[in-house]
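The sequence and structure are shown first.

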Amino acid sequence: MKLTGRLAAAAALIPEGRSFADIGTDHGYIPVYMCHTGKTPRAVAADIGAGPLQAARTHIVGAGLQEKITCRLGNGLTCLTPGEVEGGVICGMGGRLMTEILRASPHVWRRFSFLVLQPMWYSGTVRRFLYEAGWHIEAETLVTEEHRLYEVMRAVPGRKAMLPFWLWDIGPVNWRQQDALLARRLTLVIARKKKILNGLLQSRKDQAERIRVLQKELAQLEARKCRLL
Ligand SMILES: C[S@@+](CC[C@H](N)C(=O)[O-])C[C@H]1O[C@@H](n2cnc3c(N)ncnc32)[C@H](O)[C@@H]1O
């Protein structure tokens, strides 16, 4: 089997030879691909929904991988025993839900040696959470699939200097590598922040502080974008 686009980019960031749990697995494509290709010895495919988990189970049995992949029904990391897998993969969810899942089970993910995360939105919330928790991002990819831009990151334990705020939504490795899709990501982030700023400027409440912070962020992002072009 072959993965494309977003899921292929996520799978490429999973360290080979390490077991992991795929949280919110749905169809189970990532664990099936990783075990089928021999890149991973064993995995847990977990989902909060019985329907998605059944889809994963069907796929796993179809690939003859039921000895290597265990299915678990549960909310986030609560279905895992601390130490039973070496890492976690969470893809295709919003960044706020991802951080909620991590916040709810620190005793589980604190024992991981890696996390591969692909937030659909609010990636800045995820990066900030990781750095505040004493982890850092060691690999990142920007990828397009059907015209949409996706971000994927691999985080590992170890405290590094806190990211400057303008990098939360961009990603330190994306910036350092000068990823080919970086200008597109910056354009998106700037457009989104401008929209929020316009909303604040029209608000009847006192938003002076938020407006000041957002204007400062926008100025930083515009300056970085100019350097890229
Ligand atoms: C959009 S799908 C993403 C599937 C796959 N990870 C991907 O990236 O293609 C999101 C999946 O996460 C599951 N999910 C949502 N909240 C969850 C939670 N708190 N714990 C576990 N799974 C969850 C949903 O049931 C759904 O199957």
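## The annotated coiled-coil region

In this predicted model, residues 197-224 carry the feature "coiled-coil region" in an unreviewed UniProt entry. Over residues 197-224 the chain is 82% helix and 0% strand.

## Packing of helix 8 and helix 9

Helix 8 spans residues 182-202, and helix 9 spans residues 208-228. Their axes come within 10 Å and cross at roughly 155 degrees. An angle over 145 degrees counts as roughly antiparallel, and helix 8 is therefore roughly antiparallel to helix 9. The crossing of the two helices is left-handed.

On the side of helix 8, the contact is made by Leu-182, Ala-183, Leu-186, Thr-187, Val-189, Ile-190, Lys-193, Lys-194, Ile-196, Leu-197, Leu-200 and Leu-201. Helix 9 contributes Arg-210, Ile-211, Leu-214, Gln-215, Glu-217, Leu-218, Leu-221, Glu-222, Arg-224, Lys-225 and Leu-228. By class, this contact of helix 8 with helix 9 comprises 14 nonpolar, two polar and seven charged residues.

Is Lys-193 buried or exposed? Its relative accessible area is 12%, so Lys-193 counts as buried, the limit for that class being under 20%. Lys-193 lies in helix 8 and is one of the residues through which helix 8 touches helix 9.

When neighbours within four places in sequence are left aside, Lys-193 is in contact with Asp-169, Leu-214, Glu-217, Leu-218 and Leu-221. Among these, Leu-214, Glu-217, Leu-218 and Leu-221 also belong to the contact made by helix 9.

Helix 6 covers residues 123-132, and seven of its ten residues are buried, so helix 6 is largely enclosed by the rest of the structure. The buried residues are Ser-123, Gly-124, Val-126, Arg-127, Phe-129, Leu-130 and Tyr-131. Just after helix 6, Gly-134 takes a positive phi of about 85 degrees.

Helix 4 (residues 95-104) packs against helix 6, with axes that come within 7 Å and cross at roughly 25 degrees. Helix 4 is therefore roughly parallel to helix 6, and helix 4 passes helix 6 in a left-handed crossing. From helix 4, Gly-95, Arg-96, Met-98, Thr-99, Leu-102 and Arg-103 meet Thr-125, Val-126 and Phe-129 of helix 6. The residues of this contact divide into four nonpolar, three polar and two charged. Val-126 and Phe-129, which take part in the contact, are among the buried residues of helix 6.

## Packing of helix 1 and helix 2

Helix 1 (residues 5-12) and helix 2 (residues 29-36) pack with their axes 10 Å apart, at an angle of about 55 degrees. The two helices are therefore oblique to each other. Helix 1 passes helix 2 in a right-handed crossing.

Leu-7, Ala-10 and Ala-11 of helix 1 form the contact with Tyr-29, Ile-30, Tyr-33 and Met-34 of helix 2. By class, the residues of this contact are seven nonpolar, no polar and no charged.

## Positive phi at non-glycine residues

Most residues other than glycine have a negative phi. Asp-26 is not a glycine, yet has a positive phi of about 55 degrees. Asp-26 is placed in the loop between strand 1 (20-23) and helix 2. Its relative accessibility is 35%, so Asp-26 counts as partly exposed.

His-147, likewise not a glycine, has a positive phi of about 75 degrees. The loop that holds His-147 lies between strand 6 (135-145) and strand 7 (148-157). With a relative accessible area of 73%, His-147 is exposed.

## Gln-54 and His-27

Gln-54 is placed in helix 3, which covers residues 50-62. At 40% relative accessibility, Gln-54 counts as partly exposed. What distance separates the C-alpha atoms of Gln-54 and His-27? The two residues are 27 residues apart along the chain, and their C-alpha atoms are separated by 8.2 Å.

Key. Residues are numbered from 1 along each chain as its sequence is written. This is a predicted model: local features need pLDDT of at least 70, side-chain atom pairs count only at pLDDT 80 or more; totals for chains, interfaces and linings use all residues. Side-chain values use heavy atoms; hydrogens and water are left out. Axes are lines fitted to C-alpha atoms, for helices over the stretch in contact, and angles run from 0 to 180 degrees between N-to-C directions. Helices (H or I, at least four residues) and strands (E, at least two) are DSSP runs, numbered from the N terminus. Angles under 35 degrees count as roughly parallel, over 145 as roughly antiparallel, 65 to 115 as roughly perpendicular and the rest as oblique. A crossing is left-handed if the near helix is turned anticlockwise from the far one by less than a right angle, and right-handed if clockwise. Contact means heavy atoms within 4.5 Å. Ala, Val, Leu, Ile, Met, Phe, Trp, Tyr, Cys and Pro count as nonpolar, Asp, Glu, Lys and Arg as charged, and the others, Gly among them, as polar. Buried means under 20% relative accessible area, exposed over 50%, partly exposed in between (1.4 Å probe, protein chains only). UniProt positions are given in the numbering used here, feature names are shortened, and annotations may be inferred rather than shown by experiment.
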